[in-house]
Amino acid sequence: MHRRSFVHLAASAFAVSALAFPALAQAPSQELNIYSARHYPTDRQLYDTFTRETGIRIRLVEGDADQLVARVQSEGRNSPADVFITVDAARLARAKEAGILAAHGSALINQRVPEALRDRDGTWFAVTQRGRVIMYDKERGLPQGLARYEDLADPRFRGMICVRSGSHPYNAAMVASILAADGAPATEAWARGLVANFARPPQGGDRDQFRAIPSGQCQIAISNTYYLGHFGRSESAEDQALFRRIGVIFPNQGQGDRGTHVNISGAALVTTAPNRANAVRFLEYMTGHEAQEIFALANMEYPVVADAPLHPALQAMGRFRAEPVNAERLAANVAEGLQIIQRAGWR
């Protein structure tokens with residue numbers, strides 16, 4: 001049985017945790033250093049399984065994505081980092097722009113992960129995805145005329161919408177996506193229309209938005225699928241009742257439309273990786289059936305591999321066509337999108 005130890009360096013700007021396994025070998029070929037901005041117990045399950053199967057010991061450094069990028073830059077050619085993992089496509093684009101990511105060169109990854117979920121230069125690729133969706137009360141019925149993100153600004157939905165702060169990365173990325181699709185003037189008008197339709201001032205997290213639906217505080221919510229999915233897998237009768245009551249609209253699914261905006265988690269090879277072969281082996285493992293099953297069944301995220309299983313709660317929400325991920329364009333649009341959000345009064 002593996003023994004774990006976690007080391008926290010309080011003096012650091014971010015938390016560092018080391019996963020220690022029984023010494024398998026002291027040679028560099030038995031090591032892998034991961035810098036990750038994901039903080040889920042399921043990821044540690046994945047690391048444990050990889051180590052058991054390969055004998056490669058993982059050392060994990062966790063922190064904010066931008067801080068991790070800065071750390072790799074400051075460490076330079078001596079950085080121990082082999083693999084970089086983070087959430088949000090824009091952060092992946094910034095890491096690439098910072099010059100810390102290298103092309104993995106794996107035909108297996110390119111075969112498994114759809115082109116729309118991979119960097120065009122072969123650096124990062126998505127390992128999971130979460131749809132940014134519209135939720136509603138099934139007891140009231142499907143809101144008529146609501147099928148696209150753009151419809152959320154329609155005056156017919158005045159006083160009906162709950163959403164968290166516009167400055168949160170989930171919403172900033174969504175607005176950046178709309179900005180890329182519709183242009184600045186239309187996005188500005190859309191943001192003002194959305195704010196006019198708020199049922200209450202933005203508050204709380206994603207869960208708080210759809211939780212407010214049964215109480216009548218709002219009729220429509222914007223949230224990630226991940227959060228509702230956890231209610232669907234809960235053993236609580238109250239959570240299950242809420243899950244059954246909340247309906248999901250995957251926006252922009254019409255023929256010729258761009259698809260539903262997704263928040264992704266992505267992984268990449270670090271340019272200066274001292275254990276490159278192990279890093280590529282791990283990256284390929286993340287796209288394999290076992291790892292994708294852990295993401296989908298244990299953490300309620302949509303897998304990126306087509307034949308990976310879905311948790312029944314995700315199946316109940318349905319499959320969807322995702323908007324192709326253009327990380328560079330999203331990153332370029334985030335600053336302007338945040339300005340639009342602020343001018344619209346989406347605090």
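1. A quick definition before we start: two residues are in contact when they have heavy atoms within 4.5 Å of each other. Keep that in mind as you look around, and remember that this is a predicted model.

2. Setting aside residues up to four places away in sequence, Phe 84 touches Tyr 35, Ala 65, Leu 68, Val 69, Leu 92, Ala 95, Ile 100, Leu 101, Gly 266, Ala 267, Ala 268 and Val 270. Click through them one by one in the viewer.

3. Phe 84 also turns up in the largest nonpolar core, which has 82 residues. The residues with the most contacts inside that core are Leu 32, Ile 34, Phe 84, Phe 210, Ile 264 and Phe 282. Which strand gives this core its largest share? That's β9 (residues 262–270), with six residues. Another core, of 24 residues, lies apart from this one, and its members include Ile 161, Val 163, Ile 220 and Trp 346.

4. Now have a look at Thr 86, which sits in strand β3 (residues 83–87). Is Thr 86 buried or exposed? Its relative accessible area is 0%, so Thr 86 is buried, given that anything under 20% counts as buried. Beyond its neighbours within four places in sequence, Thr 86 is in contact with Ala 37, Ala 65, Arg 91, Leu 92, Ile 264, Ser 265 and Gly 266.

5. On to the cysteines. The count comes to one disulfide, and it joins Cys 162 to Cys 218, with the sulfurs 2.4 Å apart. This pair links distant parts of the chain, 56 residues apart: Cys 162 is in strand β6 (residues 161–162), while Cys 218 is in the loop between α7 (206–211) and β7 (220–224). The torsion about the S-S bond is about -115°, so this disulfide is left-handed.

6. Last stop, a pair of helices. Two packed helices are described by the angle between their axes and the distance between the axes. For α8 (residues 225–232) and α9 (residues 237–245), the angle is about 130° and the axes are 7 Å apart.

7. Sorted by class, that's four nonpolar, two polar and one charged.

How values were computed: Residues numbered from 1 in each chain as written. Predicted model: local features only at pLDDT ≥ 70, side-chain atom pairs only at ≥ 80, totals over all residues. Heavy atoms only, no water. Disulfide = S-S within 2.5 Å. Helix = DSSP H or I, 4+ residues; strand = E, 2+ residues; numbered from the N terminus. Axes fitted to C-alpha atoms, helices over the stretch in contact; angles between N-to-C directions. Nonpolar A, V, L, I, M, F, W, Y, C, P; charged D, E, K, R; others polar. Buried < 20%, exposed > 50% of the residue type's maximum accessible area, 1.4 Å probe, protein only. Core = buried A, V, L, I, M, F, W, Y, C linked by side-chain atoms within 4.5 Å.
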